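Reader: I am new to this structure and would like to go through it step by step. Could we begin with the model itself?

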Amino acid sequence: MMSLGTQSAASGSLRRLLALLWAGGIFALGGGLLIAVGFPPTFPGLVLPVAGALVFLLDAFAVRDRSRQPLSLAGVVLLAVALHHPPAVALLLALLSGLLIKPPRDWIGWQELLARRCLEAGSRAAALGLVLPFVSNLALLQRLLWLIVGYVLVVQGARWVFAHLWDASLRVGEVLTRSLVPSLLIEVLPLPLAVVGAEIARTFEWQLVALAAGGLVGSAVMVRRSVRSLGLQRRTVAELGQINAISRAIIRAELDVDALCNLIYSEASRVVDTHNFRLGLFNGQQFELKVRVHEGTREPPLVVNVPEDHGLVGWMRRTGRSLLVHDFDKEMSQLPARPTYQADLPPRSGIYIPLFTGDEVIGTISIQSRLPNAFDTEDLRILSLIADQAATAIEKARVYAAARQRATQLAIISEVSRQITAILDLQRLLPIIVQRIRASFGYYQVHLFTVDSQSDDLLFRASTNPDSPFWQRQGQRLASGLGIVGHVMQTGEPLLVNDVTQEPLFIADMAGIAAEIALPLRVGTQLLGVLDVQSDRIGAFDENDVFVLQTLADQIAIAIDSANIFTAQQEEAWVLNALLQAAENIAWTTDLKELLDTAVRLLALLLGCDRVFCLLWQRDERAWSLAAMWGRTDLELGLLHSDDSADPALALLESVRNAGEPELVAFEHKAKLEQSTLLPACDYGAVLALPLTTRANTLGVLLLDKAAVDAAWMPRQVTIATGIAGQIAAAVEGALLSHAEAERQHLEQEITVARELQTSLLPPQMPQLSGWDTAALWRSARQVGGDFYDFWHFTSGPAAGELGFVIADVSDKGVPAALFMALARSLVRASALDGTSPARAMERANRWIVRDSQAYMFVTLFYAILDPESGELRYCCAGHNPPLLYRAASGTVEHLRTPGIALGVLDEVTLGEAATMLEPGDLLLCYTDGVTESINDVMDEWGLERLIETIKAHANLSTQELLDAISAGLAAHTGERPPFDDVTMLAVKRISNS
């Protein structure tokens with residue numbers, strides 16, 4: 001669509017084309033009439049040369065009306081010639097006189113000059129040629145009257161139409177107003193004198209011709225001087241009035257810089273031709289052309305850089321002087337500076353005036369013309385007066401505009417601050433801030449960065465161009481010191497760059513950026529971020545922008561700090577709530593499987609994970625197990641042995657277990673997870689590994705996965721996940737301990753039952769034999785033991801009436817020994833009850849033990865058959881500690897040994913057998929190695945010697961008192977040290993003959 005300026009230029013060109021066609025048509029009409037009346041004419045003597053010379057002189061002294069039309073007395077001569085000479089002579093003289101008319105002072109080109117000359121020649125010839133053919137038969141005065149009427153109508157009419165077409169600003173009424181009175185006084189009123197000139201021309205007396213010619217020329221000179229004097233007076237009065245009007249207009253004008261600049265242009269147009277007009281104001285190194293008019297067409301404002309040593313504008317700013325150039329072609333070498341005006345038709349003359357306020361040049365006015373000498377010193381003087389008044393008004397308007405802008409900006413800052421401080425959600429706050437800044441201040445692009453406290457980088461948090469490909473490629477972050485923004489973060493000071501092409505720190509994040517300003521967001525000494533504002537215009541920012549944006553940045557920093565505090569409190573509340581929910585859901589169960597299933601499901605719900613895997617470290621198996629998971633149902637739980645070094649996930653699990661700290665899984669480890677045989681084969685996103693640590697023990701590892709490509713773990717989520725992991729670890733440990741305690745209690749209960757069963761296998765009471773004293777002591781190192789003793793009476797067979805007894809020691813301790821003890825007791829008792837001799841019975845028992853036991857255990861024992869009547873003792877010792885036989889008669893102790901090994905070692909054994917007699921007072925003590933091998937704190941055994949000494953010292957006592965004495969001696973020796981082995985003793989003493 002055509003702009004308004006283009007339409008105006010096209011309209012002006014069309015009107016001037018019509019004006020040229022009009023002038024050419026009038027000239028063609030005049031030439032055609034000349035041909036019609038007869039051409040070439042017959043020249044009657046010297047009439048044509050003399051009349052032509054006189055017409056040329058009169059045209060030379062012609063004056064111009066305000067429409068720039070020539071007014072002269074040449075019409076008197078033309079009418080005088082027409083009254084008494086052939087029409088062809090008058091028409092030829094008219095055509096020639098018009099073609100030689102002097103051009104106007106401010107003509108703008110050869111087209112205008114040619115058009116005006118053709119118009120004047122053609123209109124004069126047409127005025128005569130249209131009337132003369134019809135008045136040739138009339139009287140002299142009648143012919144004169146018709147010629148005057150025709151001359152006035154044709155010539156003046158042709159001029160008025162041309163003026164209206166040539167100058168679009170002049171309407172028909174304005175043309176008549178400007179030309180009517182001067183034309184009437186100068187050209188029309190003297191025309192009746194043509195009758196006198198006609199008579200003089202008819203007689204052609206030199207004295208009269210010279211007198212008439214001198215009178216006309218003198219009259220023309222006087223008219224010209226009078227017109228100039230009148231014009232000067234009128235101009236002076238008009239200038240004073242105009243200056244007064246300009247002053248009043250400036251006073252009445254609003255304090256608006258643009259309005260004042262337009263007013264200056266309008267008023268200057270009243271003084272001089274402003275077809276080429278420039279009014280510009282300085283703003284730092286920039287020069288803003290507020291009013292630009294080229295060839296009468298208004299052009300839009302323009303901002304350029306004008307150094308002080310560049311062109312006439314720079315010279316005026318530097319010197320503060322005005323300049324009048326009459327003709328650039330002649331004065332170019334003498335000018336103080338070279339003009340920078342570039343055009344196909346450069347100007348020939350111009351006026352250059354600075355706008356002063358005090359000692360400062362705030363702008364310039366320049367008016368140019370294609371014509372030489374288009375301006376004079378009066379124009380310079382008047383325009384200088386206008387400029388002086390205008391400069392003061394413009395400066396006041398600029399100060400007022402700056403104050404109003406500052407007040408508006410502060411009001412906007414207040415409103416923006418009020419709006420943003422009411423928002424405490426940081427994610428919602430930051431985008432609103434940048435949009436409000438752009439909408440309120442009209443900046444091209446606004447970014448907002450915040451400081452990442454963990455990495456000291458800047459995070460790209462909000463922008464009027466949030467989907468910028470540049471920042472997406474940068475990962476939405478910027479390193480400290482990088483670019484203008486990074487520099488501001490590093491220094492903590494604002495940075496203004498009005499031409500980014502001259503700034504090495506500039507980073508082009510978007511095409512078209514020409515200027516940039518970055519400001520720190522600080523609360524006290526704490527740097528929270530950076531506000532970055534960009535413009536597509538060079539020199540778009542000034543110190544006022546720095547003040548406004550820094551003020552706004554301080555308010556934004558306060559709002560961000562408040563939002564951070566609120567967010568921190570909200571996150572803390574959320575963390576506490578999440579941990580509370582986790583505690584409530586985890587604490588109620590002690591079943592490990594149910595606990596872990598609840599834990600992974602809870603983590604997924606609270607943290608928005610796509611997948612959660614719980615892996616436990618099985619210390620006994622030295623292996624990892626996938627104990628629970630969320631987000632996948634197509635994977636079986638299982639073990640990954642730690643010695644399987646080929647599995648890619650092992651290194652990560654071991655690293656987290658050993659470090660005991662949360663870890664964001666690096667990119668290279670994600671591929672290892674995807675290749676693991678323990679975990680499901682899927683595309684992992686943002687993976688967080690959390691150790692399940694209690695005290696110094698790491699029970700396992702949690703893997704939390706967000707599958708989205710751009711997913712990330714926020715610090716708040718890591719805090720929550722870490723807290724829940726601690727709760728899970730404590731709960732897992734509690735579950736494990738609870739399970740272990742349950743197992744312990746169950747085992748203890750079973751052992752208690754086993755002890756009761758084992759105790760029930762021991763003889764409930766000692767055998768009562770006339771003339772004999774028996775006692776036994778059984779004490780296991782643990783709840784159950786491997787020692788046992790037994791008595792039985794033979795009621796039939798070879799040993800009928802005799803007493804069999806056995807003491808044994810199983811090779812192990814605890815429950816295994818107790819179980820083997822029960823087996824061995826039963827088999828030994830079964831093999832001996834038929835009264836077979838001790839050696840043969842124990843050989844048979846050995847075969848049964850080897851056959852029925854797969855425990856690879858053995859038992860040592862001492863088996864004897866006592867004849868209570870005679871005191872004979874037949875015995876067999878199968879690898880057991882030899883019993884001690886105290887002889888009362890001699891006070892000595894004998895060791896009862898027979899060849900043989902423990903039962904349960906070999907399939908077939910040969911055992912030795914022996915016999916002895918117990919006399920009254922003799923004492924037999926059978927014992928297990930737990931008696932002699934009991935140690936104290938310095939690892940000193942109680943030993944056989946102490947046992948023998950104790951027997952000798954207490955042989956005169958009963959068997960129970962003897963066993964008590966031995967037990968006391970053992971206790972004194974071992975002290976608080978727990979027993980190392982089972983302790984079993986069996987004492988048989990012959991009191992008298994039965």
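Reader: How many helices and strands does the secondary structure of the protein chain come to?

Author: This is a predicted model, in which local features need pLDDT of at least 70 and side-chain atom pairs count only at pLDDT 80 or more, while totals for chains, interfaces and linings use all residues. Residues are numbered from 1 along each chain as its sequence is written, and side-chain values use heavy atoms, leaving out hydrogens and water. Helices (H or I, at least four residues) and strands (E, at least two) are DSSP runs numbered from the N terminus, and the protein chain comes to 26 helices and 31 strands.

Reader: Which strands are the edge strands of the open sheet formed by six strands?

Author: Strands pair if DSSP finds at least two bridges between them, and here the antiparallel order is E12-E11-E10-E15-E14-E13. Within this sheet, E10 (residues 445-451) and E15 (residues 526-535) pair over six bridges. Pairing on one side only marks the edge strands, E12 (477-478) and E13 (495-497).

Reader: How are helix H5 and helix H6 oriented to each other?

Author: Helix H5 (residues 110-135) and helix H6 (residues 140-166) pack with axes 9 Å apart, at an angle of about 155 degrees, where axes are lines fitted to C-alpha atoms over the stretch in contact and angles run from 0 to 180 degrees between N-to-C directions. Angles under 35 degrees count as roughly parallel, over 145 as roughly antiparallel, 65 to 115 as roughly perpendicular and the rest as oblique. H5 and H6 are therefore roughly antiparallel.
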